[in-house]
Amino acid sequence: MSLQMVTVGNNIALIQPGFSLMNFDGQVFFFGQKGWPKRSCPTGVFHFDVKHNHLKLKPAVFSKDSCYLPPLRYPATCTFKGNLESEKHQYIIHGGKTPNNELSDKIYIMSVFCKNNKKVTFRCTEKDLVGDVPEGRYGHSIDVVYSRGKSVGVLFGGRSYIPSAQRTTEKWNSVADCLPHVFLVDFEFGCSTSYILPELQDGLSFHVSIARNDTIYILGGHSLANNIRPANLYRIRVDLPLGSPAVNCTVMPGGISVSSAILTQISNDEFVIIGGYQLENQKRMVCNIISFEDNKMEIREMETPDWTPDIKHSKIWFGSNMGNGTIFLGIPGDNKQVVSEAFYFYMLKCAEDDVNEDQKTFTNSQTSTEDPGDSTPFEDSEEFCFSAEANSFDGDDEFDTYNEDDEEDESETGYWITCCPTCDVDINTWVPFYSTELNKPAMIYCSHGDGHWVHAQCMDLAESTLIHLSEGSNKYYCNEHVEIARALQTPKRVLPLKKPPLKSLHKKGSGKIITPAKKSFLRRLFD
């Protein structure tokens with residue numbers, strides 16, 4: 001294993017605990033920034049370009065028929081193929097947290113729309129579910145199993161808000177373990193079915209999951225209710241006959257007590273577990289290799305990397321799997337220094353660079369999801385507080401913060417309207433355009449007749465103009481109600497006053513003389 005420090009050239013503030021990395025044909029993409037996307041990259045997805053241990057984040061783009069993908073943190077992600085013979089794969093994204101600290105219950109499917117030498121264009125679609133729809137959650141896992149020529153998604157674990165009936169003022173934003181149900185999700189028909197398996201007693205969060213053909217292995221995790229990291233190892237097997245699926249679970253020996261670990265695949269039958277926590281206040285520095293042979297699973301310790309003193313002494317660490325046997329790690333910066341970054345980053349290579357990418361399509365590793373928070377630096381603890389985290393952004397204007405006072409009833413404000421013949425704002429495809437937008441398009445009031453609302457983007461308003469109009473009581477007319485498009489109401493033109501020459505004030509033949517005092521008075525009057 002080799003460990004190298006990585007410098008970040010731009011947008012370093014985007015990389016916060018809870019992000020995900022996705023590998024499309026060897027190209028790595030970053031997803032899950034902590035704040036809402038800025039206008040420079042409204043999608044919130046960046047190409048993770050690492051060259052010579054220097055990282056650059058380059059904004060990615062989506063096709064016009066894509067739905068809006070919010071910057072979800074702590075989601076469950078996995079790769080998906082239509083069948084085992086398929087060459088192209090997609091990423092499944094479920095759950096996670098928005099920058100408003102809301103928990104998502106949506107499923108998104110990301111695929112490559114087109115690709116050239118300069119950029120990759122993605123397509124993102126939202127999958128509606130019927131049946132036993134899993135509630136919004138984070139810290140869980142989703143995998144895809146293949147049986148009898150068919151495939152199905154398997155969702156397990158995670159945390160969610162406590163039920164509304166159990167909430168109090170003090171515990172309004174408290175979270176609890178999700179029920180230990182196993183959900184089978186049919187991505188083709190959008191059907192979801194819940195299964196209760198007696199072997200699964202706890203809804204473990206931040207566990208490691210490995211999918212192999214028709215089987216999923218659940219390893220480690222943290223039980224919030226008991227505050228333990230049981231050394232359990234579960235094997236969940238899914239059979240997909242013509243009728244109803246058959247799901248069974250087996251408790252296996254040889255588990256590991258760990259949570260928030262990162263998993264990467266180094267060969268067709270070998271996986272490596274890095275990082276995580278073994279106790280509430282202790283990182284797990286031991287590394288393990290998982291081998292499969294003839295449907296038998298073996299877990300053994302392996303030689304650890306040459307950890308730097310900063311990594312050894314840091315209280316938290318976080319990261320994600322880059323694919324190709326490489327892991328991206330982050331640790332907090334040293335606050336004792338005069339100039340210090342928020343985080344320092346490393347690349348840990350567990351395998352050679354020529355590992356076949358096709359061998360990695362069935363691997364799912366939850367990203368390490370530590371968040372420093374405001375109370376204690378350990379993600380898995382009770383202190384993981386939503387209300388505190390909402391205000392924990394850096395004060396350097398890197399992100400658009402959220403103010404609940406800005407929320408309004410959309411049925412009254414009419415954000416999702418057709419404001420003009422060329423209006424293309426749609427609730428399913430809209431993305432933020434102005435830096436002042438959070439989750440609704442900016443609108444401006446046209447003063448024509450009784451007045452009506454129009455979208456600022458449809459009117460092609462510059463952001464400075466939009467801000468200027470919002471600060472005053474200026475009248476504005478949309479493109480349909482003004483001869484010059486995007487024009488403010490122009491004041492009526494007033495001809496300048498002409499100053500009559502003083503000599504004209506002396507009428508011929510009147511015999512009256514203008515005295516110097518009268519001349520001075522008249523000058524002041526006309527000036």
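Which residues is Trp307 in contact with, leaving aside its neighbours within four places in sequence? In this predicted model, the contacts of Trp307 are Leu3, Ile274, Met285, Cys287, Lys312, Trp317, Leu329 and Leu348. Trp307 also belongs to the largest nonpolar core, a set of 20 residues. Within that core, Ile274, Trp307, Ile311 and Leu348 touch the most other members. Five strands each supply at least two residues of this core: E22 (262–267), E23 (270–274), E26 (287–293), E29 (326–332) and E30 (343–349). In soluble globular proteins, nonpolar side chains tend to be buried together.

A second site comes from the database record. An unreviewed UniProt entry places a "binding site" feature at Cys419, Cys423, His455 and Cys458. These positions spread over 40 residues of sequence, yet they cluster in space, with a largest C-alpha distance of 8.0 Å. Cys423 lies in the loop between helix H3 (410–413) and strand E32 (443–446). Its relative accessible area is 15%, so Cys423 is buried. Beyond four places in sequence, Cys423 touches Ile417, Thr418, His455 and Cys458. His455 sits in strand E33 (residues 452–455). His455 is buried because its relative accessible area is 0%, under the 20% cut-off.

Tyr68 occupies the loop between strand E6 (61–62) and strand E7 (76–80). At 15% relative accessibility, Tyr68 counts as buried. Among the residues touching Tyr68, those up to four places away aside, are Trp36, Pro37, Pro42, Tyr108 and Trp430. Tyr68 and Tyr108 are 40 residues apart in sequence, with 9.6 Å between their C-alpha atoms.

Key:
Residues are numbered from 1 along each chain as its sequence is written. This is a predicted model: local features need pLDDT of at least 70, side-chain atom pairs count only at pLDDT 80 or more; totals for chains, interfaces and linings use all residues. Side-chain values use heavy atoms; hydrogens and water are left out. Helices (H or I, at least four residues) and strands (E, at least two) are DSSP runs, numbered from the N terminus. Buried means under 20% relative accessible area, exposed over 50%, partly exposed in between (1.4 Å probe, protein chains only). Contact means heavy atoms within 4.5 Å. A nonpolar core is a set of buried Ala, Val, Leu, Ile, Met, Phe, Trp, Tyr and Cys residues joined through side-chain atoms within 4.5 Å. UniProt positions are given in the numbering used here, feature names are shortened, and annotations may be inferred rather than shown by experiment.
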